[in-house]
Structure formats: C-alpha cells, structure tokens
Amino acid sequence: TGKNISAVYERFGASTDKSFVWRDQQFLGTRLDQRIVVYEASESRKIALSLNRPFYASIVPSSLGAAVDYAEKSVPNFSGETQIGTVRRRDFNAGVNYGVAFGTSTQRSRHITIGILHSLSLYDSLRQSPSPAPPKERLTFLQLGGDWQEFKYIKERHIQKYSREEDFNLGFGIFPSVAWSPKLRMLSTTESQILPKISLRKGLRLPLGPLVLLRGDYSSTYVNGGNGHRIATIDFQFFSHIMPQQTLAMHAAYDHGWRLAP
C-alpha cells in the first residue's frame with residue numbers, strides 16, 4: 001500500500017525520547033504524500049503535518065505542498081554574548097509552496113519553486129531559571145528555490161542497504177534557494193531577514209569500481225542588513241567492494257562557520 005509507520009521509545013537514565021511517524025505516499029489513492037510526525041523528549045516536543053504532491057517523476061510539470069508544525073523547547077537566554085538564564089521557546093510555522101518544471105526530460109530536472117512561510121516564536125520565563133523573556137518574533141518569508149540536476153543513475157548492492165539494489169545518481173546537481181522576510185507592517189514582521197543557501201552534489205565511479213559521493217553546502221543569514229551565521233560544509237563518502245559480500249566505507253566531512261550566534 002506504500003504506507004509507513006514508525007514508533008520509537010528510548011530511555012537514557014531519567015530522560016526519555018518518544019517519536020511517532022506516519023507517512024502515506026498515496027493519500028486517498030492519489031499522488032499526494034501525507035506525513036505526520038510527533039516527537040516528545042524531556043525538554044522538547046514537536047508536532048508536524050504536511051501534504052505534498054511532489055515532482056514524483058522527471059516528466060511531472062508541477063508540484064504543490066503545504067505544511068504546519070508546532071515545537072517547544074528550553075533554550076538559553078542571552079544578553080549580548082552572556083547567558084543570563086533559560087527560557088521556554090514555542091514555535092508556530094505554516095507554509096505553502098508551488099513548483100514548475102522548465103521543460104520535462106528524462107535526462108535532467110529543471111525546477112523552480114515559490115512559497116510563503118509564516119513563523120511565530122514566543123518565549124516564556126521558567127521558574128527554575130528566572131530571567132526576562134525575549135520579545136516575540138514574527139516573520140513572513142517569501143521563498144524562491146530551484147534545482148538543476150543531471151540523471152546518471154547506477155545500480156549497486158551492498159552499499160547502504162545490503163539486502164537490495166540501490167540507485168545512485170552520479171550526475172551533477174545544483175540546488176540554490178533564498179528566503180526573504182521584509183520588515184513590513186502589513187506582514188507584522190519584527191525584523192528583516194534574508195536566508196540564502198546553495199547545495200552542490202556529484203557522484204563519481206573510479207576506475208577500479210569504487211563509488212564516491214560528494215556534497216557541498218553554504219548558507220548564511222542577513223538580519224537587518226548584517227551578514228552572520230555563515231556555514232560552509234564539504235562532505236565525502238567512499239564505498240569499495242574489497243571482497244565478495246564485504247564493503248569498505250569511509251566518510252569525511254568539514255564544517256566551517258563565521259560569525260555564529262552565541
């Protein structure tokens with residue numbers, strides 16, 4: 001039926017983690033992908049609902065989606081770079097998006113996606129860690145994203161799922177996106193933010209058969225014209241069948257940050 005359900009309970013000393021995930025990729029017998037996520041831990045909880053009709057094939061001309069979520073957790077409260085206590089943060093998010101394919105093809109994908117996301121964050125003081133709660137944050141993001149990806153798939157066994165064949169795309173892919181929250185009274189935003197991000201992916205088949213997967217990411221945050229929280233990531237994965245029924249796997253990654261938040 002294509003339906004998936006997961007329930008996990010974990011205990012670490014006095015703390016517990018519980019999660020429940022439901023996914024239906026044929027919601028009501030259609031191409032809609034429905035997902036429900038519930039998570040609860042000692043200091044946090046989250047509920048997320050989404051309903052999407054994705055680009056489920058390279059020749060699909062459009063996509064459409066909507067999502068809402070609620071989360072709360074205890075976070076440190078800062079005055080400048082000095083922690084002055086802990087507060088309870090509650091986040092409410094709701095958004096919709098629509099995507100269009102620029103020329104359908106079985107050789108590559110070329111998609112543009114636009115969307116709008118409204119985010120509200122509220123802070124409450126805690127009795128055990130009294131400190132003044134920060135003011136609420138209200139942001140409305142206008143989102144623009146795209147992807148351009150070549151399709152060069154290969155089939156492999158004994159890589160990540162040993163009991164079945166897996167598809168790996170060796171084609172080059174670039175995935176840029178930007179979210180902009182203008183400071184406008186009509187949108188009730190508390191500050192102006194711009195969140196640019198770009199991801200690059202490429203796979204390689206080396207002469208003697210090893211598989212190499214490469215990924216690079218960069219993101220930053222512009223708040224009221226100032227640029228900060230810049231993060232660059234490089235990720236490298238290597239798989240080689242050195243013997244029958246045996247796989248040598250290696251992974252290396254490097255993250256670099258500039259002007260991070262406290």
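I call a residue buried when its relative accessible area is under 20%, exposed when over 50%, and partly exposed in between (1.4 Å probe, protein chains only).

**Ground rules.** I am working with a predicted model, where local features need pLDDT of at least 70, side-chain atom pairs count only at pLDDT 80 or more, and totals for chains, interfaces and linings use all residues. Residues are numbered from 1 along each chain as its sequence is written, and side-chain values use heavy atoms, with hydrogens and water left out.

**Salt bridges.** I looked for a side-chain nitrogen of Lys or Arg within 4 Å of a carboxyl oxygen of Asp or Glu. That rule gave me nine salt bridges.

**R88 and E72.** I found these two side chains joined in a salt bridge, at 3.0 Å from N to O. R88 sits in strand 6 (residues 82-101) and E72 in strand 5 (residues 62-79), so this pair ties together parts 16 residues apart in sequence. My strands are DSSP runs of E, at least two residues long, numbered from the N terminus. Then I checked burial: E72 is buried at 14% relative accessible area, and R88 is buried at 16%.

**K155 and D167.** Next I looked up this salt bridge, which spans 3.1 Å from N to O. It links distant parts of the chain, with K155 in strand 9 (residues 153-156) and D167 in strand 10 (residues 166-169), twelve residues apart. K155 counts as exposed at 55% relative accessibility, while D167 is partly exposed at 49%.

**R215 and D217.** My last stop was the salt bridge between these side chains, at 2.8 Å from N to O. I noted R215 as partly exposed, with a relative accessible area of 31%.

Technical notes:
Helix = DSSP H or I, 4+ residues; strand = E, 2+ residues; numbered from the N terminus.
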